[in-house]
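Visitor: I have a structure to look at and have not seen it before. Can you walk me through it?
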Amino acid sequence: FLTSHHFLINPFCCCDLLNVTKITEHGKKVRKNWTSSWTVLQGSTLLFAKGQGGGTSWFGGGQSKPEFTVDLRGGSVDWASKDKSSKKHVIEVKTRQGTELLIQSENDVLINDWYRALQDTISTHVRT
Ligand code: I3S
C-alpha cells in the first residue's frame, strides 16, 4: 500500500507480529533492543511498525507508518547462529547497506514462512 513519498502499512494486508532487533547499523554493531513489530513484505522492502499491545486499536486506527524499512535487494537471509541469540527460530537479515537484523517468533510455522518469503524475495530481486 503506497503513496508517493511514504510506505504505509495497510491494516488489511497480511502482516505478522514478530520480535525484531537491529544488531548492526551502517556496518557498526549496535545494542540489541528486541521489540514486537508488525512486519510486512512489500516487493523487495521489509517494513516494520511498532506493535501496540492488543492489536485491536492498531487495526482500528487505520494505516500506520513504519518505524523502519529495509531494502532486501542485494542482501542475505539465513538462520542466525547460536552466538547471535539464545532465542529459538531466529532469522538473520543482512542488507547491502550494512544493516543486520534479527527476526524471531516462538511460532515455528510462522517463522518458516517468513524465512521462505525472505529467501524468495532476495533471490528474485538479486539482479535488480
Ligand atoms: O547478544 P546479547 O547481548 O546476549 O543479547 C541479549 C541482550 O541484548 C539482553 O539485553 P541487555 O543485555 O541489554 O539487558 C536482552 O534482554 C536479550 O534478549 C539478548 O539476548 P537474546 O539471546 O535474547 O537475543
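Guide: What follows is a short tour of this predicted model.

Visitor: What does the secondary structure come to?
Guide: The protein has two helices and eight strands. Along the sequence the pattern reads β-β-β-β-α-β-β-β-β-α.

Visitor: And how many of the residues are buried?
Guide: Of the 128 residues in the protein, 25% are buried.

Visitor: Let's take a helix. How many residues does α2 have?
Guide: Helix α2 covers residues 108-124, which is 17 residues. From first C-alpha to last it reaches 24 Å, close to the 24 Å expected at 1.5 Å a residue.

Visitor: Which of its residues are buried?
Guide: In α2 the buried ones are I111, W114, L118 and T121. Looking down the axis of α2, these buried residues fall within an arc of 90 degrees, so they line one face of the helix.

Visitor: Why would spacing like that put them on one side?
Guide: An α-helix has 3.6 residues a turn, so residues three or four places apart point the same way.

Visitor: Changing topic. How many residues are in the largest nonpolar core?
Guide: The largest nonpolar core has 21 residues, and I91, V93, L101, I103 and L118 have the most contacts inside it. At least two residues each come from β1 (16-25), β3, β4 (45-50), β7, β8 and α2. Strand β4 gives the most, with four residues.

Visitor: What is L101 in contact with?
Guide: Setting aside neighbours within four places in sequence, L101 is in contact with V20, T21, K22, I23, V70 and V93.

Visitor: Last one. Which residues surround the ligand?
Guide: Around the ligand are K32, W34, S85, S86 and K87.

Visitor: How do those divide by type?
Guide: The shell around the ligand has one nonpolar residue, two polar and two charged.

How values were computed. Residues numbered from 1 in each chain as written. Predicted model: local features only at pLDDT ≥ 70, side-chain atom pairs only at ≥ 80, totals over all residues. Buried ≥ 20, exposed ≤ 12 C-beta atoms within 10 Å, placed from the backbone. Near = placed C-beta within 6 Å. Nonpolar A, V, L, I, M, F, W, Y, C, P; charged D, E, K, R; others polar. Expected span 1.5 Å × (residues − 1). Arc of directions from axis to C-beta. Core = buried A, V, L, I, M, F, W, Y, C linked by C-beta atoms within 7 Å. Contact = placed C-beta atoms within 7 Å.
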